[in-house]
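Hi there,

Here is the structure I promised to pass on to you.

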Amino acid sequence: MPMREMDKAFDFRTAQTRWYETWEKAGIFEAQPKSGKQPWSIVIPPPNITGNLHMGHALVFTLHDVLTRFKRAQGFDAVWVPGVDHAGIATQMVVERQLKADTGKTRHDLSREEFLEKLWSWKEQNQGAIENQLRRMGASVDWTRKRFTMDPDLNKAVRKVFVEAYRKGLIYRGPRMIQWDPVSHTALSDLEVKYVEKQGKLWHLRYPLVDGGGSVVVATTRPETMLGDTAVAVHPDDARYAHLIGKKVKLPLTNREIPVVADAFVDPAFGTGCVKLTPAHDPNDHEAGKRLGLPSITVIGFDAKMTAEAGSDYAGLDRFEARKKVLADLEAQGFLEKIEDYTHQVSVSDRTGAVLEPLVSTQWFMDVTEAAQASLAAVRDGRIRFTPSHWESVWEHWLTNIQDWCISRQLVWGHRIPAYTCGRCGYLAVETDCPAMCPHCGGTTFEQDPDTLDTWFSSALWPFSVFGWPQESEDLKRYYPTDVLITGYDILFFWVARMVMAGLAQMGDVPFKQVYFNSLVRDAHGQKMSKTKGNVIDPVLTMEEFGTDALRFSLAIMAAPGTDISLSDSRLQDSRNFCNKFWNAARFVQMSLGDDVDLAVEPVFGEAEFWMASRLREDLTRVTEALETFRFHEAAEILYHLVWDDFCATYIELAKLTLQSGTPAQKAAILHFLDILLRALHPFVPFLTEEIHEAVMVERLPEGEPKLLAARSWPMADPLLQRTGGHPDLVPMLQEALTALRRLKKENGVDDAKRVPAHCTVKVLEPFADALKSLARLESLTFSEGGIEGPTRALAVVTGGAVALELAGLKDPAAERAKLEKERDKLQKELEGLRSRLSNEGFLAKAPAEAVATQRQQAAEKEARLQQVLVLLG
């Protein structure tokens with residue numbers, strides 16, 4: 001039946017929707033556990049349910065999809081599991097803001113159940129947004145296996161891990177100093193703390209000695225906490241203050257006396273060498289306080305306001321308002337010694353940006369010491385490999401110095417901690433489900449711990465919980481461990497480390513064999529994207545303007561390991577031009593073939609076909625190797641030049657005569673080459689290639705071949721690529737002659753479009769005379785054995801001879817001869833230096849063999865070129 005003629009331009013907007021729906025309906029992306037194929041699995045880094053697609057997502061999803069489509073085409077039972085994360089703090093913040101805007105209420109005005117209902121309602125309304133954006137990106141995920149981190153099955157997995165770890169003594173509850181976010185009203189783990197450099201002040205405060213023998217001066221960046229000081233500390237070896245140890249000072253603004261103590265943690269070079277100790281509000285002071293048996297006085301509460309223990313003059317004030325009042329009072333009473341400008345690191349919440357408050361709080365913690373050691377061993381012995389490999393040293397440092405993990409959050413949204421307190425006797429039961437009866441007193445009423453778990457606790461179980469764990473499912477047996485994890489380096493410890501710990505602990509095996517850390521996407525100037533800078537590039541708008549394929553190809557071709565991506569409109573335009581170039585080439589092929597040419601026709605090869613087959617064979621071998629080692633940029637770059645330079649710019653021009661008058665067997669070659677390129681390009685630009693495939697290939701496919709390109713095989717095994725023959729250097733010689741003719745035009749000021757006569761002494765290129773004339777835009781091309789030099793001709797030496805442009809009336813012949821004489825003199829001088837070096841016994845004895853061989857090769861090449869120039873000069 002007649003085939004549909006391709007449109008003049010690729011309508012990517014229509015194609016994107018149509019083809020994704022087609023793929024999904026056909027089940028192309030679904031795993032095939034009964035297929036007998038070798039399994040290959042990968043899990044998505046679950047995007048937050050709050051999120052819209054940002055450029056970081058676009059990059060990581062592109063790389064996932066390129067790799068998954070590639071492995072599927074290679075014949076693997078490839079499964080890419082999708083899902084979204086409940087994102088505890090982020091989601092709760094969004095819903096709280098919405099609640100405030102809609103009703104003027106806060107979550108504290110609602111019961112827990114009422115607020116949870118709001119959260120689940122919001123989740124149901126918004127989960128589809130991120131999933132639809134994944135579809136728009138072309139992500140070939142198995143939607144039949146999609147998961148949510150708070151699915152009932154995943155909640156069961158979370159509770160099981162928590163209870164078992166508690167029973168082993170790895171999870172415990174107790175008072176410790178934590179970082180408190182006063183905006184989201186929850187404890188944070190150390191990893192959720194961001195340290196921001198700020199220009200602040202260093203205030204020097206004078207504390208008088210009780211015995212009247214003077215005073216000590218302490219320096220602080222947080223003067224409001226002095227109200228909770230319980231000691232002044234000096235270094236035990238600091239001779240300046242040895243006589244003060246054991247004495248007491250009066251704490252200004254209070255009626256308290258506090259001791260001067262010695263502790264080695266004091267830095268004698270900081271400030272005056274005397275430091276105030278506030279065990280309730282500083283991690284270092286807290287540890288020192290425990291060593292020294294100091295009391296702990298909490299003067300700032302969980303609401304970031306001063307407590308009653310701060311004194312009646314300050315109680316109820318916001319901590320920063322209290323700072324102003326404390327400083328004013330200290331100055332008024334003569335206790336403010338001096339003020340210095342000071343640059344220091346301030347801890348803020350990674351989510352809310354609030355300045356955090358170190359506070360002692362009763363929280364749940366997890367001892368990860370043993371898990372960290374096991375994770376270190378997994379990377380050391382090669383069970384897990386990192387790309388780029390330099391992240392291994394970062395991994396080593398962090399896991400060697402890891403602290404217990406604060407896993408409880410004072411949030412409503414999340415996995416609630418499975419700990420139940422008996423209402424009668426207070427017994428704490430940690431069980432997967434609420435006990436029916438207290439084992440101590442027989443009570444039947446229990447109150448569950450109100451806290452939820454850190455979001456990353458459930459995310460840590462992702463690689464095995466998505467496959468059905470704790471059930472011994474067939475999916476779990478087949479697809480765990482996964483083959484590779486692709487993720488950003490910014491969550492190396494938030495997520496990657498915790499997945500490794502959990503996988504080793506629960507499954508006895510690593511969760512993935514390789515980790516590829518993708519780059520950070522920056523703006524065109526290399527700046528990090530942020531709303532405040534106004535330089536955020538929206539991927540949804542980008543796809544609307546340039547097309548998904550152009551965005552994907554841009555990200556892939558710039559994704560060099562360890563190098564951030566600077567994305568610009570010009571880069572996106574280049575990729576769109578590439579897509580258009582390939583579309584136009586495919587359209588030309590379609591229009592040049594009759595209905596009697598299909599992939600069942602055995603193609604006849606000439607010189608151009610042997611060359612094109614060799615280019616495909618060599619480059620697709622390199623592309624395959626690049627994708628196997630996560631060199632996405634290299635694979636995309638190779639394909640770019642293979643399509644643009646070799647197929648479009650060279651082979652199609654060489655094949656035009658065949659396409660005009662050749663037999664079906666002669667024409668079949670270009671169809672086969674296009675088919676191979678479609679299959680190779682598909683992982684990078686799936687919509688474009690599927691659209692071309694339908695228009696050009698579907699009715700020309702052999703019996704039994706899948707009709708959808710997304711279901712077809714990787715082309716490395718195509719028998720056409722194994723064909724060898726012809727003159728291997730012939731087309732490269734033609735390309736060299738073409739380049740020389742174009743260069744001569746440019747050097748001599750001849751417009752590229754102007755057709756001028758030309759001459760060539762490379763007789764083996766005569767069969768390609770028409771192609772050379774067309775490509776170089778020549779009026780005529782005359783071949784001869786030699787003697788093409790002349791007073792009105794511009795000459796260039798090429799392999800096998802020379803080419804010349806006839807410039808009569810356009811150029812000064814004397815200038816052309818002068819140019820050749822200059823080249824002759826330069827070559828003679830360079831040869832003299834090379835010959836001198838190669839006749840030097842000292843050089844030959846000391847230089848590496850490779851260096852000597854290189855010098856000899858250069859000398860031979862320059863000698864050959866010199867002889868050609870001398871012939872041209874006559």
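Predicted model: local features only at pLDDT ≥ 70, side-chain atom pairs only at ≥ 80, totals over all residues.

I started with helix α16, which covers residues 569–592. Its 24 residues reach 34 Å from the first C-alpha to the last, close to the 34 Å expected at 1.5 Å a residue. Its buried residues include Leu572, Phe578, Cys579, Phe582, Trp583 and Val589, and also Arg587 and Gln590. What do the buried residues of α16 pack against? The partners are α14 (539–546), α15 (548–557), α18 (632–661), α19 (664–681) and α20 (686–697).

The pairing with α18 is the one I looked at in detail. The axes of α16 and α18 come within 11 Å of each other and cross at roughly 25 degrees. Because that angle is under 35 degrees, α16 counts as roughly parallel to α18. The crossing in which α16 passes α18 is left-handed. On the α16 side, the residues that meet α18 are Asn577, Phe578, Lys581, Phe582, Ala585, Phe588, Val589 and Ser592. They face Leu639, Tyr640, Val643, Trp644, Phe647, Cys648, Ile652, Lys656 and Leu659 in α18. Sorted by class, this contact has 13 nonpolar, 2 polar and 2 charged residues.

Next comes α20, one of the helices that α16 packs against. Of the 12 residues in α20, 11 are buried, so this helix is largely enclosed by the rest of the structure. Among the buried ones are Phe687, Leu688, Ile692 and Met697, together with Glu690, Glu691 and His693. The buried residues of α20 pack against α1 (12–26), α2 (55–73) and α4 (112–137), as well as α15, α16 and α19.

In α19 you will find Asp675. Is Asp675 buried or exposed? It counts as buried because its relative accessibility is 2%, and the cut-off for buried is under 20%. Setting aside residues up to four places away in sequence, Asp675 touches Leu599, Met697 and Arg712.

Finally, Val496 sits in helix α13, residues 492–507. With 0% relative accessibility, Val496 counts as buried. Beyond its neighbours within four places in sequence, Val496 is in contact with Trp395, Leu485, Thr487, Ile491, Phe512, Val515 and Phe517. Its C-alpha is separated by 36 Å from that of Cys579, which lies 83 residues away along the chain. Cys579 is one of the buried residues of α16, the helix I began with.

Best wishes

Technical notes:
Residues numbered from 1 in each chain as written. Heavy atoms only, no water. Helix = DSSP H or I, 4+ residues; strand = E, 2+ residues; numbered from the N terminus. Expected span 1.5 Å × (residues − 1). Buried < 20%, exposed > 50% of the residue type's maximum accessible area, 1.4 Å probe, protein only. Contact = heavy atoms within 4.5 Å. Axes fitted to C-alpha atoms, helices over the stretch in contact; angles between N-to-C directions. Parallel < 35°, antiparallel > 145°, perpendicular 65-115°, else oblique. Left-handed = near helix turned anticlockwise from the far one by under 90°. Nonpolar A, V, L, I, M, F, W, Y, C, P; charged D, E, K, R; others polar.
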